[in-house]
Amino acid sequence: PMLGVVLVAAGRGERLGAAVPKAFVELRGRTLIEFGIAVATSLPHRGHLVIVVPEQRAAQTLDLIDSIVQPDSSWSVTVVPGGRERHESVSFGIDALPESVNTVLVHDAARPFASAELFERVISEVHRTGDSVVPALPIANTLKRVDAEGIVHETIDRTPLVAVQTPQGFPRETIAAAHATAQLHTDPPTDDAEVVQRAGARVRTVTGEMRAHKLTTPDDLRILEFFLAANVV
Ligand code: C5P
């Protein structure tokens with residue numbers, strides 16, 4: 001058995017407004033995708049990493065792999081082109097995994113500082129339970145439901161709510177079967193657990209981490225730069 005990691009990096013990153021796709025934005029001279037490749041291939045497993053990128057970024061990605069992954073690594077790495085929606089990119093990535101992969105992690109390249117410990121926590125829980133697993137953090141802010149004009153209608157009880165991150169982990173057959181059957185195009189899922197939830201699978205949580213913060217807006221870029229400057233990562 002082998003571990004599979006699908007690193008999704010094919011989004012345009014429109015909310016960031018950068019000149020390059022989000023996963024190719026640089027922090028201290030390294031693209032986000034490089035951080036993801038480094039952490040995945042540092043895991044002490046026999047594994048296969050599929051990186052899903054915009055078609056025109058494939059050559060650059062292959063060069064990055066050559067510079068990061070040693071020839072004697074226990075990891076093999078391939079690159080595939082992405083789709084219009086995130087779930088399509090994930091599906092293409094899963095299809096590109098070798099037969100022997102039995103556990104799949106899906107990770108956003110936009111979360112460059114997710115730690116190896118977080119990857120291992122997710123992997124262990126998938127292996128222990130046979131269920132799907134997401135990293136989750138409590139919600140700090142009070143939540144309000146508002147209308148299109150920004151008028152508050154109610155306060156939402158946050159006690160049972162969590163905010164989820166990636167890497168998200170799955171038994172391969174669970175995520176592959178869910179992608180094969182789910183009708184995702186009319187109502188696209190915003191994470192991978194939602195795909196298996198729609199197929200009726202149980203999803204568990206493990207403790208997430210602040211450093212797995214996702215780059216979405218220019219403010220997030222400052223947060224990630226702070227993590228580097230303060231040696232948090
Ligand atoms: O846009 P968002 O922040 O939700 O994207 C999360 C991750 O999914 C990013 O790493 C992005 O590159 C990836 N993605 C993708 N293919 C898409 C859309 C997003 O690989 N069509």
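**Notes on the predicted model**

1. Strands β8 (residues 143–146) and β9 (residues 152–156) run antiparallel and are joined by four bridges; strands are DSSP runs of E of at least two residues, helices are runs of H or I of at least four residues, both numbered from the N terminus, and two strands pair if DSSP finds at least two bridges between them. Val146 has Val152 of β9 opposite it. Five residues lie between the strands of this hairpin, and Gly150 takes a positive phi near 85°.

2. This is a predicted model, in which local features need pLDDT of at least 70 and side-chain atom pairs count only at pLDDT 80 or more, whereas totals for chains, interfaces and linings use all residues. Residues are numbered from 1 along each chain as its sequence is written.

3. The protein contains seven helices and twelve strands, and its C-alpha trace spans about 55 × 40 × 35 Å along the principal axes.

4. Among contacts with a separation of 6 or more, 71% are between residues 24 or more positions apart; two residues are in contact if their C-beta atoms, placed from the backbone, lie within 7 Å.

5. The largest nonpolar core has 53 residues, and Val6, Leu7, Ala9 and Ile51 have the most contacts inside it; such a core is a set of buried Ala, Val, Leu, Ile, Met, Phe, Trp, Tyr and Cys residues joined through C-beta atoms within 7 Å. Helix α1 (residues 32–42) gives the most to this core, with six residues. Leaving aside neighbours within four places in sequence, Leu7 is in contact with Gly36, Ile37, Ala40, Leu49, Ile51, Val52, His107 and Ala109.

6. Is α1 largely enclosed or open? Nine of its eleven residues are buried, so α1 is largely enclosed by the rest of the structure. Among the buried residues of α1 are Leu32, Phe35, Ile37 and Val39.

7. Around the ligand there are 18 residues, of which Val8, Ala10, Gly11, Ser89 and Ala110 come nearest; a residue is near a molecule if its C-beta atom, placed from the backbone, lies within 6 Å of it. The shell divides into seven nonpolar, five polar and six charged residues, with Ala, Val, Leu, Ile, Met, Phe, Trp, Tyr, Cys and Pro counted as nonpolar, Asp, Glu, Lys and Arg as charged, and the others, Gly among them, as polar.

8. Ser89 lies in helix α3 (residues 86–95) and is buried, with 23 other C-beta atoms within 10 Å. Beyond its neighbours within four places in sequence, Ser89 is in contact with Val8, Ala10, Val52, Gly82 and Gly83.

9. Strand β11 (residues 168–171) is covered on both faces, with Gln168 and Phe170 buried on one side and Gly169 and Pro171 on the other. Four bridges pair β11 with strand β6 (residues 101–108) in the antiparallel sense, and Pro171 is the bridge partner of Thr103. In the loop between β10 (162–164) and β11 lies Pro167, which is joined to Thr166 by a cis peptide bond with omega about 10°.

10. Two backbone angles deserve a look. Arg28, in the loop between β2 (26–27) and β3 (30–31), has a positive phi of about 50° although it is not a glycine, and with 8 C-beta neighbours inside 10 Å it counts as exposed. Asn231, in the segment after α7 (218–229), likewise is not a glycine and has a positive phi of about 55°; Asn231 is exposed, with 6 other C-beta atoms within 10 Å.

Notes: A residue is buried if 20 or more other C-beta atoms lie within 10 Å of its own, exposed if 12 or fewer, and partly exposed in between; C-beta atoms are placed from the backbone.
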